[in-house]
Amino acid sequence: MSVKFIGYIGFNNSSEVDQGTRNRALDLDYVRSALRVQEEGGFDRVLIPFGSNTPESQIVAAYGAALTTRLGFLVAHRPGFTQPTLAARQLATLDQLSNGRVAVHIITGGADEEMARDGDVGTTKAERYARSDEYLDVLRQEWQADAPFNHDGRFYRIRKAQSAIKPEHLPVFFGGTSPEAIEVAGRHADVYATWGETLSATRETITRVRASAARYGRSPGFSLSLRPVIAATEEEAWRKAASIVERVREARIRQGLPIRDHAPPNDGSRRLLETASALRQDERLWTGVAQLTGAAGNSTGLVGTPEQVAESMLEYYRLGVDHFLIRGFDPLGDAELYGRELLPIVREKIAAYDALQSVQAS
């Protein structure tokens, strides 16, 4: 099993430490710098996020693909706002133009307010997962069908669809921990994506997804999202983490945002907030920002020296995690730091572990 590293291009060089929430304004100088730093730093892909008030992810990925030669792109995409046949052709076109460097991260959407901004009003979470399930059925048919096909479903009716452009290999990432999400992931995910929880919680989630996927004869990979905080010594790293927490706290208070008594609308954030009931879990899983923000997205990290954090990442790899989506609170500076100080050590440790496993199995 090999390991893949996914970075992040969040449209500008800011994070929760600046305004309490993520700023989505598009800064072209930052995007170009982030592309260069993460390609040179050895990242395999970068995630381009999706939101109801953000720049459009596929367009940013197309721009990025034109400026890079090796870096891949994980394009966040929300079902329900584009016909699946059209989305399939858009993604296949992007895959062809980038020479096969594209994957898609299907974001079903758990917050009613977020969905309503794009006109999706009145749907339930269960309905949205059912729609994503059907959407992915049609998407894959459009990619794979050699002859025109019809589709009659609950959400989509299609007649004589057939695409002239098909991807070479376009992996589907999918997340969510509710029973509905796990069922859809089992059917469709090439890589199941989850946030940084404890080792025991991660093991439980992997077990659930594998059981779901096994019913369909499938065996997905697993991606874990983390915000590593690294420094030359462990003490310095924990001081750095404490400083980040205080800066996020001050920024949220300044903006009038809540720092406690959160009630997340989705199952994944609720689980992550439970993990954040203690500031530190396992040996170095850090949840300080998750506590303040209500576990809004990728907000937990690993804290320590590069060697210590790499050792903790190896523990997740042993559970079955083969993709790490990592980003920092200083987006550009941390990406450069990870590429120089962290990724080489993780790769070295995982290569040594894989070699030992191979010897033991022979």
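Helix α4 (residues 84-97) and helix α6 (residues 125-144) cross at roughly 50°, and their axes come within 8 Å. This is a predicted model, in which local features need pLDDT of at least 70, side-chain atom pairs count only at pLDDT 80 or more, and totals for chains, interfaces and linings use all residues. Residues are numbered from 1 along each chain as its sequence is written, and side-chain values use heavy atoms, with hydrogens and water left out.

Helices (H or I, at least four residues) and strands (E, at least two) are DSSP runs, numbered from the N terminus. Axes are lines fitted to C-alpha atoms, for helices over the stretch in contact, and angles run from 0 to 180 degrees between N-to-C directions. Angles under 35 degrees count as roughly parallel, over 145 as roughly antiparallel, 65 to 115 as roughly perpendicular, and the rest as oblique. The α4 and α6 pair is therefore oblique. Its crossing is right-handed, meaning that the near helix is turned clockwise from the far one by less than a right angle.

Contact here means heavy atoms within 4.5 Å. From α4, Pro 84, Thr 85, Ala 87, Ala 88, Arg 89, Leu 91 and Ala 92 take part. They meet Tyr 135, Val 138, Leu 139, Glu 142 and Trp 143 of α6. These residues divide into 9 nonpolar, 1 polar and 2 charged. In this scheme Ala, Val, Leu, Ile, Met, Phe, Trp, Tyr, Cys and Pro are nonpolar, Asp, Glu, Lys and Arg are charged, and the others, Gly among them, are polar.

Leu 199, Thr 202, Arg 203, Ile 206 and Arg 210 in α8 meet Glu 315, Tyr 316 and Leu 319 in α12. This contact divides into 4 nonpolar, 1 polar and 3 charged residues.

Now the sheet. Strands of a sheet pair through backbone hydrogen bonds, either parallel or antiparallel. Here 4 strands form an open sheet in the order β10-β13-β12-β11, with mixed pairing. β10 and β11 (280-281) stand at the edges with a single partner strand each, so one side of each has no neighbour in the sheet. Two strands count as paired if DSSP finds at least two bridges between them. β10 runs parallel to β13 (residues 301-304), joined by 2 bridges. Val 229 stands opposite Val 303, and Ile 230 opposite Gly 304. β12 (residues 285-286) runs antiparallel to β13, also through 2 bridges. There Leu 285 faces Leu 302.

β13 is covered on both faces. Gly 301 and Val 303 on one side, and Leu 302 and Gly 304 on the other, are all buried (under 20% relative accessible area, with exposed over 50%, partly exposed in between, using a 1.4 Å probe and protein chains only).

Ala 231 sits in the loop between β10 (229-230) and α9 (234-254). It counts as buried because its relative accessibility is 11%. Leaving aside neighbours within four places in sequence, Ala 231 is in contact with Glu 236, Ala 237, Gly 304, Thr 305 and Pro 306.

Finally, Thr 194 lies in strand β8 (residues 191-195). Thr 194 is buried too, at 11% relative accessibility. Not counting residues up to four places away in sequence, Thr 194 touches Thr 205, Ser 223, Leu 224 and Ser 225.
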